[in-house]
Amino acid sequence: MRETISKENIRERVRDIVLNDFDDDPSEIKDDTLFVDDLGADWIDLSELAVELSDEFDLDIEEDEINKLVSIEKATDYIYEKQRKCREHPAIKLPRILEMRKQNKARG
């Protein structure tokens, strides 16, 4: 069974991704900085962020859950809870991962 990543480690990794995606001054991006309201992100930006977070943490982020990724703090909480649930119920995740990998290979 996969080890759960600490919340602090998740926060640091989410922050690194956000800093890479949004070319803002790192000192101005706080844990509660809102991606849309403060950084000017749009739906495409949030969708791309969701894909990167999915890849980074090997999690399934559904399209209707993207709206939960509004800040580093909220994204960290979301990922922490999602990984905890996947750890408790690992069989739920596997079919979706296999489907996504098949779709990615088909896209080339």
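This is a predicted model: local features need pLDDT of at least 70, side-chain atom pairs count only at pLDDT 80 or more; totals for chains, interfaces and linings use all residues.
**Exercise 1. Describe how helices α1 and α2 are arranged and which residues bring them into contact.**

*Solution.* 
Step 1. Helix α1 comprises residues 7-21 and helix α2 comprises residues 43-57; their axes come within 11 Å and cross at roughly 140°.
Step 2. An angle over 145 degrees would count as roughly antiparallel, and one of 65 to 115 as roughly perpendicular. The arrangement of α1 and α2 is therefore oblique.
Step 3. The crossing of α1 with α2 is right-handed.
Step 4. On the side of α1, the residues in contact are Ile10, Arg13, Val14, Ile17, Val18 and Asp21. On the side of α2, they are Leu49, Glu52, Leu53, Glu56 and Phe57.

**Exercise 2. Identify the residues with the most contacts in the largest nonpolar core, and examine Leu53 in detail.**

*Solution.* 
Step 1. The largest nonpolar core contains 24 residues. Those that touch the most other members are Val14, Val18, Phe35, Leu53, Phe57 and Ile79.
Step 2. Two or more residues of this core come from each of α1, α2 and α3 (72-88).
Step 3. As a general principle, nonpolar side chains in soluble globular proteins tend to be buried together.
Step 4. Leu53 is located in helix α2. Its relative accessible area is 1%, so Leu53 is buried.
Step 5. Apart from residues up to four places away in sequence, Leu53 touches Val14, Ile17, Asp58, Ile61, Leu69, Ala75 and Ile79.
Step 6. Leu53 and Ile10 are 43 residues apart in sequence, and their C-alpha atoms are 10.0 Å apart in space.

**Exercise 3. Is Leu46 buried or exposed, and which residues does it contact?**

*Solution.* 
Step 1. Leu46 is part of helix α2.
Step 2. A relative accessible area of 9% places Leu46 under the 20% limit, and Leu46 is therefore buried.
Step 3. When neighbours within four places in sequence are set aside, Leu46 is in contact with Phe35, Val36, Ala41, Ile66 and Leu69.
Step 4. One of these contacts, Val36, stands 10 residues from Leu46 along the chain, with 8.5 Å between the two C-alpha atoms.

**Exercise 4. Contrast Asp58 and Leu59 in the loop between α2 and α3.**

*Solution.* 
Step 1. Asp58 has its place in the loop between α2 and α3, and Leu59 is likewise found in the loop between α2 and α3.
Step 2. Asp58 has a relative accessibility of 31% and so counts as partly exposed, whereas Leu59, at 5%, is buried.
Step 3. The backbone of Asp58 deserves attention. Most residues other than glycine have a negative phi. The phi of Asp58, however, is positive, near 55°.
Step 4. Leu59 and Ile79 are separated by 20 residues in sequence, yet their C-alpha atoms are 7.9 Å apart in space.
Step 5. Ile79 is also among the core residues that touch the most other members, and among the residues that Leu53 contacts.

How values were computed
Residues are numbered from 1 along each chain as its sequence is written. Side-chain values use heavy atoms; hydrogens and water are left out. Axes are lines fitted to C-alpha atoms, for helices over the stretch in contact, and angles run from 0 to 180 degrees between N-to-C directions. Helices (H or I, at least four residues) and strands (E, at least two) are DSSP runs, numbered from the N terminus. Angles under 35 degrees count as roughly parallel, over 145 as roughly antiparallel, 65 to 115 as roughly perpendicular and the rest as oblique. A crossing is left-handed if the near helix is turned anticlockwise from the far one by less than a right angle, and right-handed if clockwise. Contact means heavy atoms within 4.5 Å. A nonpolar core is a set of buried Ala, Val, Leu, Ile, Met, Phe, Trp, Tyr and Cys residues joined through side-chain atoms within 4.5 Å. Buried means under 20% relative accessible area, exposed over 50%, partly exposed in between (1.4 Å probe, protein chains only).
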